[in-house]
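Hi there,

Here is the structure I promised to pass on. Have a look at it first, and then read on for what turned up in it.

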Amino acid sequence: MMEQIDRKPLDDDEALSPEAAVLSRLLAGRYSCRAYRPEPVPRDTIRQMLALAQMSASWCNSQPWQVIVTEGEGTERFRARLFDRACQEMTQGAAAMQPDLAFPSAYRGVYKERQREVGWQLYESVGIAYGDRPASAKQALENFRLFGAPHALILTSERDLGTYGTIDTGLYVGTLLLAAQSLGIGMIPQAALAAHAPLIHDHFGIPENRLVVLGASFGYPAAEHPANSFRSRRSTLDDAVTWVDR
């Protein structure tokens, strides 16, 4: 297994600029939030978050992303419909998934190791024992309860822009996560929601020329909840970077 390290801000002795030090703290502090306080985020704060994310880079400045944000009754209606469908389809497994974008065909090697590690970090944090399939299935259903968040968002990209429109939307997601972190907002991107693309198209009236890339739940974190108690780790630079100097 390749070495992985705990995430933490870069050391002060690396002589970071003030801007890089802020970025380092935001990146180290961000995590996938899986439990939320019930109070909504004020719309002005959500607008600040989205305005920051809107400055994300894109190919030819195409800015292919479109964002749907739920609040109040809009969140509750979406949560109820999504959870009901997920419960109905739970026994169908992968056959029930209908994403607009193909999911990974397989996780192998180090990618599988990383997937397993973060999965067991979550299960251990919430007290799920190895092999307890009913408990792990119940935890998986939390995706479709939006982890109790007061808000959800859906990100779509233009179908004609293909892979690179999706990549640009992914860049937007990265910027959005840092924007949320800077404002004290917790968020978790969820491919699990994109697995129900037909429902999402129907529920929000999304036209067929738009691809559902992913959904996300967000709000103020319930910091004391066990599901928020662990942090995924990162590979070393030596594992991820190849230097070419001749």
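A salt bridge here is a side-chain nitrogen of Lys or Arg within 4 Å of a carboxyl oxygen of Asp or Glu. The structure holds 10 of them. Before the details, please keep in mind that this is a predicted model, where local features need pLDDT of at least 70, side-chain atom pairs count only at pLDDT 80 or more, and totals for chains, interfaces and linings use all residues. Residues are numbered from 1 along each chain as its sequence is written, and side-chain values use heavy atoms, with hydrogens and water left out.

**Salt bridges**

Side chains of opposite charge can pair when their charged atoms come close. One of the pairs is Arg37 with Glu39, whose closest N and O atoms are 2.6 Å apart. For burial I use these words: buried is under 20% relative accessible area, exposed is over 50%, and partly exposed is in between (1.4 Å probe, protein chains only). Arg37 is partly exposed because its relative accessibility is 36%, and Glu39 is partly exposed too, at 32%.

Another pair is Glu142 and Arg145, with 2.6 Å between the closest N and O atoms. Arg145 is partly exposed, at 32% relative accessibility.

(Helices, H or I with at least four residues, and strands, E with at least two, are DSSP runs numbered from the N terminus.) An α-helix has 3.6 residues a turn, so residues three or four places apart point the same way. Arg85 is partly exposed, with a relative accessible area of 26%, whereas Glu89 counts as buried because its value is 15%. Leaving out residues up to four places away in sequence, Glu89 touches Ala96 and His196; contact means heavy atoms within 4.5 Å.

**The nonpolar cores**

A nonpolar core is a set of buried Ala, Val, Leu, Ile, Met, Phe, Trp, Tyr and Cys residues joined through side-chain atoms within 4.5 Å. The largest one has 20 residues, and those with the most contacts inside it are Met49, Leu153, Leu155, Leu176, Ile185, Met187 and Phe218. Two or more residues each come from H2, E3, helix H6 (162-182) and strand E5 (210-219). H6 gives the most, with six residues.

What does Met187 contact beyond its neighbours within four places in sequence? Its partners include Met49, Leu153, Leu176 and Phe218, along with Tyr31, Cys33 and Tyr36. There is also a second, separate core of 15 residues, which includes Ala86, Ala152, Leu193 and Ala194.

In helix H5 (residues 133-141), the buried residues are Ser136, Gln139 and Leu141. Their cover includes helix H3 (73-89) and helix H4 (109-125). Asp132 caps the N-terminal end of H5, with a side-chain oxygen 3.2 Å from the backbone nitrogen of Ala135. That is a polar contact: a pair of N or O atoms within 3.5 Å, where, within protein, one must be able to donate a hydrogen and the other to accept it, and residues adjacent in sequence count only if both atoms are side-chain atoms.

Phe147 sits in the loop between H5 and strand E3 (151-158). This residue has a positive phi of about 55° although it is not a glycine. Is Phe147 buried or exposed? Phe147 is buried, because its relative accessible area is 5%.

**The loop between H2 and E2**

Ser58 is in the loop between H2 and E2 and is buried, at 17% relative accessible area. Apart from residues up to four places away in sequence, Ser58 touches Gln63, Pro64, Trp65 and Asp168. A polar atom of the Ser58 side chain lies 3.2 Å from the backbone nitrogen of Ser62.

Trp59 belongs to the loop between helix H2 (43-53) and strand E2 (66-69), and Trp59 is exposed, with a relative accessible area of 52%. Asn61 is found in the loop between H2 and E2 as well. Phi of Asn61 is positive, near 55°, in a residue other than glycine, and Asn61 counts as exposed because its relative accessibility is 53%.

Best wishes
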